[in-house]
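Have a look at the structure first, then read on.

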Amino acid sequence: TMAAAIFCALFGAHCFVGAQPLAKGVAWALPASPWARALGAAARARPRLSSNSGPLPVTESNLLKVLEECKELNDDMFGSHARCTNIGITGDVELVDFEGPFVTIGLTGQFWHRRRTVLQRVGAYVSRRIPEIVEITLADPSMAEDLEYNSDGILIEDKFSPDFNFDRATMTRTGYDPDARGPFPDPNSLAVFV
């Protein structure tokens with residue numbers, strides 16, 4: 001199995017070694033230890049807030065409720081969680097306005113994920129919970145930009161949170177999408193990035 005892992009890592013194939021997926025940019029992966037499986041089971045056991053509730057109508061209170069649920073479920077993305085604020089993630093999403101099925105939101109603070117990924121996840125969750133919604137837009141298009149430049153092309157604001165362990169830079173350099181994993185490695189995965 002180690003030979004298969006090396007082959008997959010060298011040629012960028014998506015393979016499985018034991019129970020662990022081997023993705024592009026991963027040098028090798030081993031089946032998780034019982035300790036790692038226990039940690040993963042605890043993470044998977046956390047309640048999904050909307051699993052038993054049906055679709056909601058478009059109201060301000062429902063939109064606020066669903067945005068709060070979204071922040072709770074995406075606990076590696078928003079600054080409302082202690083482990084995120086500890087590494088410099090201060091990002092937040094807020095309801096700016098809504099007119100019938102057209103919703104306007106705002107993104108503030110610094111995110112570890114790309115802002116377009118945050119917008120995509122928030123939009124998907126809100127649309128799934130409130131199916132009447134036709135469109136979710138940002139109050140200002142610049143809220144979708146991770147880096148803001150002035151007219152001379154000089155960087156004036158970096159809207160990313162600090163890359164506290166250099167994982168984002170390493171994953172980007174090796175061709176792996178950092179937003180697919182997020183800032184916190186899965187305790188079930190023993191994958192190593194090189």
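## The whole protein

Buried residues, meaning those under 20% relative accessible area with a 1.4 Å probe and protein chains only, make up 38% of the 194 residues here. The model is a predicted one, where local features need pLDDT of at least 70, side-chain atom pairs count only at pLDDT 80 or more, and totals for chains, interfaces and linings use all residues. Numbering starts from 1 along each chain as its sequence is written, and side-chain values use heavy atoms, leaving out hydrogens and water.

You'll find seven helices and nine strands, taken as DSSP runs (H or I, at least four residues, for helices; E, at least two, for strands) numbered from the N terminus.

## Helix α3

Now zoom in on α3, residues 60-73.

## Where α3 meets α5

How do α3 and α5 cross? Their axes come within 10 Å and cross at roughly 130°. The contact (heavy atoms within 4.5 Å) involves Leu-63, Lys-65, Val-66, Leu-67, Glu-69, Cys-70 and Leu-73 of α3, and Val-122, Tyr-125, Val-126 and Arg-129 of α5.

Technical notes
The expected span of a helix is 1.5 Å times one less than its number of residues. Axes are lines fitted to C-alpha atoms, for helices over the stretch in contact, and angles run from 0 to 180 degrees between N-to-C directions. Buried means under 20% relative accessible area, exposed over 50%, partly exposed in between (1.4 Å probe, protein chains only).
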